[in-house]
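Trainee: I would like to learn how to read the side-chain features of a model, one kind of feature at a time. Could you take me through them, giving the general idea and then the case at hand?

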Amino acid sequence: MADTFNYRIDHHGSLVRPAELTAARAAGDPEALKEAELQAVKEAVVLQRKLRSTVVTDGDFPREDFRSAVLDGVSGFRRTDETDADGLVRWVAESLPKANGPLLADWAAHLTELTVIAPKASLPSPAYLAATTFEPGHGPSSARELGEALAEIVLAEIEALVAKGVRLIQLNNPLLLGQLATDPAAPGALSFEDALAVDALAVRLDERPEGVRIAVAPGPVAPATLDPSRTERLYGGIGADRWILPFDQGTPAELALVKALPEDCDFCLGVVDATVPALEDIDMVMARLDAVGEFKDLEDGAVAPSRGFADVAGRPLLTAEEQRRKIELVETIARYVWGNEF
């Protein structure tokens, strides 16, 4: 599948919010916040260009967390006062969702005006949202029904993003890799098979314009053990063009995940750990990539940090300076692998 649109130097989309943006959000003035968001996105585009990224995102700067594009843009969900260990606010689905307008498409249009670098957008997968917001006895009859309604909304948004010039769209489902080992035990939860069916609905574009990639990020950590049959069903169940996989710990499971990929899929490997400031040893990373090259054509590959740097705006994993160093390291690794041919 190798071509000129592999977007070698990638990142998950969320970036550390600048202090000015955080202060504007805390102040509560909607007009001032909008101006601060626009300025922060402009500066983020410049940063990504300087760091030689082959994609550019809005950093998730206009959003509270990586789910917000959907949860803030559709009806049917109730925000609670509860948060999980990662700082994510819990939302509950109280009715089948309906979109209130574009979710990310307007911000994508800003990106296309600011740079010629390929715009990228990241969305939560419908299966992930259904699994984490469905509550028996509230609204939708099942997590599967909720997921299918969300899939229609996400598919429509993907089509709108492509029409705005976005060429790389990433669906985030942090639960999928964990489900390779076991299904969730909670009554009414979305099963592995249902999750695959729901997310498959969201990526069924009738046409892929030149250079467009629909990517799936199935989780930041490879499980200790893999069920080969479930891994095969994962890749075969969702018609993604690109899989964004963890590859920062050097475990056999990480290598096995890449090895199991179908030949017609691109892959992007999270080669640096976005949760720790220490920089990886380049020789160690290259040795891991050399191992991949023994069974995969690296021309179908790309590299990235292991996850978003601030999937929750108020809980960045690193400082802005540490983030910059990590992205620079990804760029250096890409040049070691592919030279200047991006």
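**Charges, rings and cores**

Mentor: Let us begin with Asp10, which counts as buried because its relative accessibility is 3%. Please keep in mind throughout that this is a predicted model.

Trainee: With which residue does Asp10 form a salt bridge?

Mentor: The general idea is that side chains of opposite charge can pair when their charged atoms come close. Here the partner of Asp10 is Arg242, and the closest N and O atoms of the two are 3.5 Å apart. Arg242 belongs to strand β7 (residues 242-246), whereas Asp10 is in the segment before α1 (19-27), so that this pair links distant parts of the chain, 232 residues apart. Arg242 is buried as well, with a relative accessible area of 1%.

Trainee: How many salt bridges does the structure hold, and where do Asp266 and Arg213 lie?

Mentor: The structure holds 22 salt bridges. In the one between Asp266 and Arg213, the closest N and O atoms are 2.4 Å apart. Asp266 lies in strand β8 (residues 266-272) and Arg213 in strand β6 (residues 213-217), so the pair ties together parts that are 53 residues apart in sequence. Asp266 is buried, at a relative accessible area of 0%, and Arg213 is buried too, at 4%.

Trainee: Are Glu148 and Arg144 buried or partly exposed?

Mentor: Glu148 counts as partly exposed, at 31% relative accessibility, and Arg144 is likewise partly exposed, with a relative accessible area of 29%. The two form a salt bridge in which the closest N and O atoms are 2.8 Å apart. They are four residues apart in helix α6, and are therefore separated by about one helical turn.

Trainee: How should I read the nonpolar side chains, and which residues have the most contacts inside the largest nonpolar core?

Mentor: In soluble globular proteins, nonpolar side chains tend to be buried together. The largest nonpolar core in this model has 77 residues, and Leu123 and Trp243 are those with the most contacts inside it. Helix α6 (residues 143-163) gives the largest share of this core, 10 residues. Apart from this core lies another, of 20 residues, among them Leu15, Ala44, Ala274 and Ile327.

Trainee: What does Trp243 touch, leaving aside residues up to four places away in sequence?

Mentor: The contacts of Trp243 include Val216, Leu234, Tyr235, Ile238, Leu261, Cys265 and Asp266.

Trainee: How many aromatic pairs are there, and why is the pair of Phe66 and Tyr128 called tilted?

Mentor: The count comes to two aromatic pairs. The ring centres of Phe66 and Tyr128 are 5.6 Å apart and the planes stand at 40 degrees, so this pair is tilted. Phe66 lies in the loop between β1 (55-56) and α3 (68-71), and Tyr128 in helix α5 (residues 126-133), so the pair ties together parts that are 62 residues apart in sequence. Both Phe66 and Tyr128 are buried. Tyr235 and Trp243 form an edge-to-face pair, at 5.0 Å centre to centre with 75 degrees between the planes, and both of these residues are buried.

Trainee: Finally, how many disulfides are found in the whole structure?

Mentor: The search finds zero disulfides. The sulfur of Cys268 is 13 Å from the closest cysteine sulfur, in Cys265, which is too far for a bond. Cys265 counts as buried, at 6% relative accessibility, and Cys268 does as well, at 0%.

Technical notes. Residues numbered from 1 in each chain as written. Predicted model: local features only at pLDDT ≥ 70, side-chain atom pairs only at ≥ 80, totals over all residues. Heavy atoms only, no water. Phe/Tyr/Trp six-rings, centres within 6.5 Å; stacked < 30°, edge-to-face > 60°. Helix = DSSP H or I, 4+ residues; strand = E, 2+ residues; numbered from the N terminus. Buried < 20%, exposed > 50% of the residue type's maximum accessible area, 1.4 Å probe, protein only. Core = buried A, V, L, I, M, F, W, Y, C linked by side-chain atoms within 4.5 Å. Contact = heavy atoms within 4.5 Å. Disulfide = S-S within 2.5 Å. Salt bridge = Lys/Arg side-chain N within 4 Å of Asp/Glu carboxyl O.
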